[in-house]
Structure formats: C-alpha cells, structure tokens
Amino acid sequence: MTTYAPPKQELRIPAPELRGAALALGSCQDREVCIEGSAGTGKTVGALFKIHVLLSRYPGARALVARKTNTALSGSAMVTYRDNILRGRRDIRWFGGSKEKPAAYYYPNGSEMIVNGLDKPEKVQSSEFDYAYINEATECEIEDIEFVRMRLRPRTTGPEVPYRQLIMDCNPDAPDHWLNQRMNEGVTMRLTSYHEDNPRYFDRSTQDWTEEGREYIFGILEGLTGVRRERFLLGKWVGAEGSIYEDAWDRRRNVIDRFPIPAEWPRYLVVDFGFTNPFVCKWYAMDGDGRGYVYRELYKTKRLVEDHAKQIKQHSQWGQEHGDPLPRMVLCDHDAEDRATLERHLGLITYPAQKNVSAGIQVTAARYRPAGDGKPRLMYFRDCLIERDRELVNKKKPTCSVEEVDGYIWDTRQGVNFARVYAILTGFIDWSRHGYTSAHAAASSAAGVRNNRRGQEAAAAHR
Ligand SMILES: Nc1ncnc2c1ncn2[C@@H]1O[C@H](COP(=O)(O)OP(=O)(O)OP(=O)(O)O)[C@@H](O)[C@H]1O
Ligand SMILES: [Mg+2]
C-alpha cells in the first residue's frame, strides 16, 4: 500500500523590509523579549509583523495583543497593524468583541489575534495563548507582565508550536523602571532599535535620512525638551531629574485602577481652552477625606469649544439614570469668549480659575505625596482618558495629563526659581497647575470651609 503525503505548501507572507532589532526579533526564541528605543524606530511594526507571521505559520495559534489600557491600544498599535500589516487584506476578519468575548482578528487558518487592554483582564483571565505582544510595556506594572506570561501555555486544542513567547516594546523611561531592571538582569532579552533601522526614515542606498525621516527626527523629536527629548530622540533611560514634581509624583501611587464612584461625592469640572494646544477638561470627584480623583479626561486639539461641550455633556449624562451628578463648580481658564461659548452649550455657569503659579505647584506637589494614611490627595484613574489624540501621539507630545508630569521643569537660567514651561508644553501645563489649585479651593469649600464666596454661589447654582 502506498501512502500519499500531500506536497508541502509554501507559505508566502508579504513582508516589510526589516532591519536591526526588528529583524533580530524574527529569529529570537527567548521566552520574554523587549524591543526598546527612540520614538519611531519601527518597534511596533517589527513586533506585530512577528505575531502575524507566527499566526499565519501555525494554524489554530492564538496570540494576545495588549496594552495597559484599551483606549490607548485601539488608537495606536491597532492602527499600525491595519496600515502596515493588514494593508487592506479582507480574509483576516475583525470581531469587535462582546460582553463576554474580547475583540479579535480571525485568520483564515483558524488562528486568532485577541486584542485587549490589560485594564480589562476579565475577558482574557481564563484564556491561554501561544504568543503575546504588549505594546508600550513601560505603562504596565510587573504584575501585568506576570499575568500575561502565566497564560502562555499549551492548550488541548491548540497547535504544536516550537516555542511560546512574550514580546514587549517601549520607549525608554526612568533607569530604575522595573522593565529596564528586568532587561539588565537578563530575565527579559533586550533588543535595541535605532532610527536607521526604519526604512521609512533612513535610506540605506544613499546612507541618508529620507524626507519623512528628516521631518520626524529633526522637525518633531529635536523640538522636544527635557526628559522627553532624552528618551524619545536619544533613546536613553533617564529619570525626570530636575522636574518640578520629581519628589512628589509617583505613577504607581498617583495613577490607580478605576472603582465605582459613590453618587454623593461632589464633582468638579476644570477646563483649559486650546485649539493648537489641547483643550483639556478634567472631571474630578472628591471623597470625604478630601482626596481628588480625576475619573475622566478630555484632551484634544483642533476642535471647537461647542463640539467639546457636546462631548462633555454626552459623557457626563447629567440628569440621566447612571449619569454623573451635576458638578458643583466648573472652573475655566480666563478666555472670556471661550467661557461664554462653553457656558451657552453646557448650560452651566463657569468660574475663572486662580492663577498663582508657585502656590499651585506647592499645593499640587503636596497632594501628589502620600498623606498620613499613606494615600495621596490627588489621583488619576488609569483609564480616564476618553480618546487619544492621534496628532499628539505622532508628535510625541503628552496625550493626557498623566503624561505631562515629567515635563514640568524649573527654569533657573536667570537665577529665578520660577517654573517656566518649555516650548511645546506652554499653556496647558500652566493651566493644569492653577486649575488644580482652584479645584482644591472648591473642594475645601465643599468640605465646609466656606470662605470662597464664588464657590458658595457656584455650589448653590448647581445644586
Ligand atoms: N520595516 C518597516 N518598513 C517600512 N516602514 C516602516 C517599517 N517599520 C516602521 N515603519 C514605518 O515607520 C513608522 C513608525 O513605525 P512604528 O510605529 O513601528 O515605530 P515605533 O518604534 O513603534 O514608534 P514609537 O516609539 O512611537 O512607538 C510607521 O508609520 C511605519 O509605517
Ligand atoms: Mg510603537
């Protein structure tokens, strides 16, 4: 009897040109690997391409593509995947997710790419994966990495794969960041990627930057200042030394997981106007001990005030069953015309925030630090950002208040101990400081220290 073995089919996967770390990643079989470097070196394309190759190569394989928050993931790595990997392919189908099932791309060979924010771990809690990719892994805690790593294991119905792997990518952060330490210790394999590795930005035949590369590296990244320049342009793991809040701010303490906010906690809106610089609206809730929580944030450029107002109302759902209570106060930057527009469209009175820079810094720093009970008095919900502004992402500018903190720098050039805000950050950082001072004042008045007449009037107006 003769047996018939079907001829082995050659699998052809259209590939981008890969160089440096992105190329090395292809053959790397370490359990845990991180591709790190300056902004725009091709890390995400390299990581996603490897996941794509593995899913195509092993029918029935399952990969997790994750980032700390779902909002950030859909606005970043998933756009890169569609533009650079899928490129119009229709046979890989998108499923948007349901209450129980996470969102995913389904491959024609039965492989799956699950797409999920690690802020919503329930949906992948009981799943097993062959591969995982964590985008911008420095945003995560080490527990998140361990959570994902534990899920890399064989499945009864899964294919036989030669190895399972956790891939991460990131821009550098502080030198003592757990991920840098983990790479130093060798637990995570470090692959460093450079701008010359990105074919879009560097032409190997001429050994020169392309037009786009010149614009991005020398136009955008060169214009960054302080710690952001060191990390995003030069790819260095440097701390925020010299930044105003270096001793006060600690991401692990000041950025927390969301919890249900009791309806009776007073709410405040703090708004800074901007068009080229972002328009920022922060929703604060205050607990009985005077702790402020930013539970929602709108941070967006190039949109009209009236459109922002619509979005603010839509998310606040004032007066609806599960909506927010009306804010006790809406504090704004001083622009009279913008304030009038906002008031008209929100149907709420607004108040100008106090602008006292040094008092604002002191209050904010004190609130970032842990109080006697070990908890700070100002915290951000990790997933408070409503939507990530693509243009700010591309320009490597902060895309939310949490990302601004390292950018507050002391200017001592004239021997003056004054917080000057450098080039790209002008405006909204100033606002963030004085805005918060006023929110603090408002909170004190809400707590019974009713020494602020405007605060009382506003509270009365919104009750
Ligand atoms: N191998 C490649 N071939 C062609 N273009 C590429 C390649 N890698 C990256 N690019 C292009 O360069 C741009 C930046 O790539 P990518 O998003 O992967 O960079 P990154 O290093 O992840 O950046 P960031 O540090 O901002 O996350 C993308 O728009 C992509 O189209
Ligand atoms: Mg990236």
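Two strands pair if DSSP finds at least two bridges between them. Keep that in mind for the sheet.

First, the ground rules. This is a predicted model: local features need pLDDT of at least 70, side-chain atom pairs count only at pLDDT 80 or more, and totals for chains, interfaces and linings use all residues. Residues are numbered from 1 along each chain as its sequence is written, while chains are lettered from A and ligands numbered from 1 in the order in which they are written.

Now the chain. It holds 16 helices and 17 strands. Helices here are DSSP runs of H or I, at least four residues, and strands are runs of E, at least two, numbered from the N terminus. Of the 463 residues, 43% are buried. Buried means 20 or more other C-beta atoms within 10 Å of the residue's own; exposed means 12 or fewer; partly exposed is in between; C-beta atoms are placed from the backbone.

On to the sheet. Eight strands make an open sheet with mixed pairing. The order is β3-β4-β5-β2-β6-β7-β1-β8. β3 (93-95) and β8 are the edges, each with a single partner strand, so one side of each has no neighbour in the sheet. From one strand to the next, the twist averages 20°. Inside the sheet, β4 (residues 103-106) and β5 (residues 112-117) pair antiparallel over four bridges. Ala104 sits opposite Ile114 in β5.

Next, helix α6, residues 178-185. Which of its residues are buried? Leu179, Asn180 and Met183. Seen down the axis of α6, they fall within an arc of 100°, so they line one face of the helix. That arc is taken from the directions from the helix axis to the C-beta atoms. What covers them includes β1 (32-37), β7 (165-170) and β8 (189-193). On the other side, Asn184 and Glu185 are exposed. Just after α6, Gly186 takes a positive phi of about 90°.

Now ligand 1. It is surrounded by 18 residues, and the closest are Pro16, Gly42, Lys43, Thr44 and Val45. Counting as near takes a C-beta atom, placed from the backbone, within 6 Å. α2 (43-57) and α4 (77-86) each supply at least two residues of the shell. α2 gives the most, with three.

Last stop, Glu17. This residue lies in the segment before α1 (20-27). Glu17 is exposed, with 12 other C-beta atoms within 10 Å. Its C-alpha atom is 7.0 Å from that of Pro199, 182 residues apart along the chain.

Note on methods:
Contact = placed C-beta atoms within 7 Å. Axes fitted to C-alpha atoms, helices over the stretch in contact; angles between N-to-C directions.
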